[in-house]
Amino acid sequence: MSKVHDVLIIGGGPAGVIAGIGIAKEGYDVVIIDKKERGNIGKKNCGDALDTKHTNILFEELGIELPNLNNGEVRSEVSKITIASKSLDTKLTASAPAYQVDRLKYGQTLLETAEKNGVKIWDQCTVRGIIIENNYIKGVNYFDQDGERKTILAKITIDASGFIGVMRKDIPKSMSNGVNLSFPKKWTVGSYREIVQFKDGKNHKFQNEIVLLYHKKIKPPGYAWIFTEGKDKLNLGITWVKDIKYPEGKSMKKIYSEILGEYFDPEDYIILDKGGGNIPGMPNFDTLVVNGGMIVGDAGGLADPTTFEGHGPALESGRLAAIVAVDALKEEDYSSEKLWKYNKLIMNYPGSMHAQSFLVAKFIRDMGVENFSYLLGKNIVTEEFMNKVFREKQKISFTMALSIIGKSFPKWNILLRLLKIYFRVQKIGKIYIEDYPENPLLLNDWRQKRNKVIGENF
């Protein structure tokens, strides 16, 4: 009979490896399998930004060292984020402490940390179906590096395989209870990016800054980005919602060249790396657990629906999954009811924030670039306004409300839409944090309440 491991994790990216570290630290047998070669695990084409909040939590809770600038894990520290519309002149800049990380180097460091804590890393393993017995996930079938079909069994299987969700997509509907098997095109975002280095060591003007540019050539909530990667390097890219067709004769790469070419002459730099991928652009699934299974990171839709940042949420989801998995292993109960606490933790954070961000993404999509530019140009949406709504969870003051009303003249319709989204953002946060159900039986009632506020039938 095949050995039954305590935990099997599919995918050695940030969510999977942090889950593995958290569980192995408690003395349990953990195996991570990944389709990539060992030396490539962690590499991903993305904007590379990582909020320091998440790395600080990992240091405090798991003792994981912060990403290091000196050894190349960090390419640049970030101090501010700028949101611009139509052009880089119409913008809102806010404080945003973050890192621009080398995904591969930082990912490899996390893998080494996992191995030091006893996690086994099996590379070049391609999953080919989950194993289900008595309505429980019991493991997976896979092909090893020699092409041999094998089976690995576990008490708990964690899907950390990213957007594709190799376990998630095969969960029978009879077991899912809110786990989406795929992401709808309307809320899926494609991306393309290049990391460039300016010739002759020429410095750029975006030091310690990341910029999201809502451009007339990209229908929102898609945007172009300009992220620092050091004094003479930038991470340049665009996003495009999958259900929106490209203009005739255009491709994502061509649109990228047209937009970023307005600001950077290709003759002035060399391309160090390029690529693309898909990003979930909706709130995370209503439940991320089934009997014997948990879902973390992009596999569960845990990316911010406005910025599309998923690295930090992936790390946090892995940490929270480990807490609940360890508790389940101690009690030898791997049912969805026992694992449900993971849902509660996720819905509190980052789930509530992502639900609020989703409403903002819908607002931007409905407003369009011109109207959004008006909001920024008139200084109607400010850093203070954003902090009160999203960070401090406070109501806007009477003075701030009067200021917004005055600045909105004569476009009162934009003001009304802004106020409407403000109240919905406040309400959806409460629904996720305070009202998320204690057990699976109450999930449908909660979902109906949430859908009414969010305006989508998820």
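What share of the contacts with a separation of 6 or more in the protein chain comes from residues 24 or more positions apart? I looked that up to start with, and the figure is 71%. For contact I take heavy atoms within 4.5 Å.

**Ground rules.** I am working from a predicted model, where local features need pLDDT of at least 70, side-chain atom pairs count only at pLDDT 80 or more, and totals for chains, interfaces and linings use all residues. Numbering runs from 1 along each chain as its sequence is written, and side-chain values use heavy atoms, with hydrogens and water left out.

**Overall build.** I find 11 helices and 16 strands in the protein chain; these are DSSP runs numbered from the N terminus, H or I of at least four residues for helices and E of at least two for strands. The radius of gyration is 22 Å, close to the 23 Å that the globule rule gives for 458 residues, so the chain is as compact as a globular protein of that length. That radius is taken over C-alpha atoms, and the rule is 2.2 Å times the number of residues to the power 0.38. The C-alpha trace spans about 70 × 55 × 45 Å along its principal axes. Of the 458 residues, 58% are buried. My cut-offs are under 20% relative accessible area for buried, over 50% for exposed and partly exposed in between, with a 1.4 Å probe and protein chains only.

**Helix α1.** I went to residues 14-24 next, and 11 of the 11 residues in α1 are buried. The run goes from Pro14 to Ala24, with Gly16, Gly20 and Gly22 among the buried residues. What covers them? I see β1 (4-10), β2 (30-33), α2 (52-62), α3, β9 (149-159) and α6 (311-331) among the elements that cover the buried residues of α1.

Asp298 sits in the loop between β16 (293-295) and α6. Buried or exposed? Asp298 is buried, at a relative accessible area of 9%. I checked its side chain and found a polar contact of 2.9 Å with the side chain of Lys44. A polar contact here is a pair of N or O atoms within 3.5 Å; within protein, one must be able to donate a hydrogen and the other to accept it, and residues adjacent in sequence count only if both atoms are side-chain atoms. Beyond its neighbours within four places in sequence, Asp298 is in contact with residues including Lys44, Phe163, Phe183, Pro280 and Gly162.

That last one got its own entry. Gly162 is in the loop between β9 and α4 (173-176), and it counts as buried at 19% relative accessibility. With neighbours within four places in sequence left aside, Gly162 is in contact with Arg168, Asp298 and Ala299. I also noted Gly16 in α1: Gly162 and Gly16 are 146 residues apart in sequence but 9.5 Å apart in space, C-alpha to C-alpha.

**Cavities.** Rolling a probe the size of a water molecule over the atoms shows where empty space is left. My count is 2 cavities of 30 Å³ or more. A cavity is a set of points, on a 1 Å grid over the protein atoms alone, where a 1.4 Å probe fits but cannot get out; lining residues have an atom within 4 Å of a point. Points are joined across faces, edges and corners, and a volume is the space filled by probe spheres set on the points.

Most residues other than glycine have a negative phi, and most peptide bonds are trans. I found a cis bond from Pro220 to Pro221, with omega near 15 degrees; Pro221 lies in the loop between β11 (209-214) and β12 (224-228). Another cis bond joins Tyr349 and Pro350, with omega about 10 degrees, and Pro350 lies in helix α7 (residues 336-377).

Asn135 has a positive phi, near 70 degrees, in the loop between β7 (126-133) and β8 (136-143). Asn135 is partly exposed, at 38% relative accessible area. Glu332 has a positive phi too, near 55 degrees. Glu332 falls in the loop between α6 and α7 and is exposed, at 64%.

Definitions and conventions: 1 Å grid on protein atoms, 1.4 Å probe; cavity = no way out; pocket = protein on both sides within 12 Å on 5 of 7 lines; lining within 4 Å.
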